Amino acid sequence: MDEQHPDQGLQPLTDQAVVLAGDRILDVLPLDQARLRYPQLHPLPLPEQVLLPGLHNLHGHAAMSLFRGMSDDLPLMEWLQDHIWPAEGRWVNPEFVRCGTQLAIAEMLLNGTTCFSDMYFFPEVIAEVAATSGIRAQVCTPIIQFPNAWSANPDEALDKTLTLHQQYQAHPLVRVAFGPHAPYTVDDTTLNRLADLNASLELRVQMHLHETAHEVSEAAGPEDNGITPIQRMDQLGLLNEHFQAVHVTCISPEDMQLLAERGVTVVHCPQSNLKLASGFCPVQALQNAGVRVVLGTDGAASNNDLDLWSEMQTAALLAKAVHQDAAALPATAALKMVTCDAGKAYSAKPFTGQIRSGFAADLCSLKLDQPDCWPLHHLTSQLVYGRMGDKVQQVWVNGQQRVKDGKLVDIDLLALKDQVRGWRDAIQAHHP
């Protein structure tokens, strides 16, 4: 908790003005004071709207939007081995990634997401599309033991990660991170080299970890010295404040405490976990142990949408059922997971996720003039438990408006739709 600002910039206020200066928030003050202090500025009224920090989607595979709904209602390993991996082997190339990422970014911007983390092949294309589209991104490079579309081996993947980092290290929107896929697809030699490389770079490291009970039980055999994947990552020196563990559906109290002691962030993807029957992340127990938990949608192939509003709602409702406690993960805590808590996970020195002077001008507004928002007894409860994704009106990223009156700025949806249709037709011809 920020002791100086315990509300984390999320306390509902009325008749306020947010003053922007370039890519930053200059001031937040009552409207009547703003008129006196900044008479030269031209205000943009937002009647019947609420202004929020832009949302952070901290785990996904954007290009997989082109696989949306392709192989539904299957368990994780069957879904991966029999459907997704063969389709990726057939279709994934730079142009596939470009189109799929453009589609995902359009969807995310329209629902108020201003920052996303992505882990997929051809990360240089993802970085380029994010930069061109004007959205903030953490680009996790895919590090996998076996040859794939992007690298012949993990050493090549690590070397290409360093090159990409050098290219974008001064970029205002794009940050490069290491993305080792999972404990069962990356060996100790590779992870040791990654840890050595990152000792000085201090990039974020994101990995699917403890995604299913099967993964954990398989890893606890004699060949793994009977330790869990979390314990293995710790022995390899990877667990620290830079590490982002995705899913974490099966975890012991001892491993939970280990994550807390090391400052690891857990990225919870409730809808994807539910759809693939992967398990339930014990969010309330993790938070009680002192672990920061944030939200991701995962890819649209295992979720079908990239809507963080519905993800928040699912997370809050699921936590109550999992912990048999109606007070588990209350609305304010759920909203923090995609705003101020996510901003702290994204950067060691937080500058996103809060409406506060000096923070990035990453903002979204929602119009609350629909019957399903009446009567508005409690704003935060409405935001988390209501249907909100279709109410986003304005979005700014780094001070630049990306959505205006519910419409994308500088993205041609008709041209994008034609490209997506072409990919759909080609994919359906081979995967009916």
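Predicted model: local features only at pLDDT ≥ 70, side-chain atom pairs only at ≥ 80, totals over all residues.
Residues are numbered from 1 along each chain as its sequence is written, and side-chain values use heavy atoms, with hydrogens and water left out.

**Stop one: the largest pocket**

Select Q16, A17, V18, L46 and L51, which lie nearest the centre of the largest pocket. A pocket here is an open set of points on a 1 Å grid over the protein atoms alone where a 1.4 Å probe fits, with protein on both sides within 12 Å along at least five of seven lines; lining residues have an atom within 4 Å of a point. Its volume, the space filled by probe spheres set on the points, is about 1400 Å³. Next, colour β1 (16-21), α1 (31-37), β3 (49-53) and α16 (379-385), each of which gives the lining at least two residues. Helices (H or I, at least four residues) and strands (E, at least two) are DSSP runs, numbered from the N terminus. The lining has 43 residues: 30 nonpolar, eight polar and five charged. Nonpolar covers Ala, Val, Leu, Ile, Met, Phe, Trp, Tyr, Cys and Pro, charged covers Asp, Glu, Lys and Arg, and the others, Gly among them, are polar.

**Stop two: the second largest pocket**

This pocket holds about 510 Å³ of space. Select L80, W85, E88, F121 and H181, the closest to its centre among 31 lining residues. Then show α2 (76-91), the source of the largest share of the lining, seven residues.

**Stop three: the sheet**

Go back to β3 and follow the open, antiparallel sheet β3-β12-β13-β14-β15. At its edges, β3 and β15 (407-408) each pair on one side only; strands pair if DSSP finds at least two bridges between them. In the antiparallel pair of β13 (residues 392-397) and β14 (residues 400-404) there are three bridges. Pick W396 and look for its bridge partner Q401 in β14.

**Stop four: Q271**

Finally, select Q271 in helix α10 (residues 270-275). Is Q271 buried or exposed? Q271 is buried (under 20% relative accessible area; exposed is over 50%, 1.4 Å probe, protein chains only), at 16%. Beyond neighbours within four places in sequence, its contacts (heavy atoms within 4.5 Å) include S302, D305 and T314. With T314 there is a side-chain to side-chain polar contact at 2.9 Å, meaning a pair of N or O atoms within 3.5 Å, one able to donate a hydrogen and the other to accept it.
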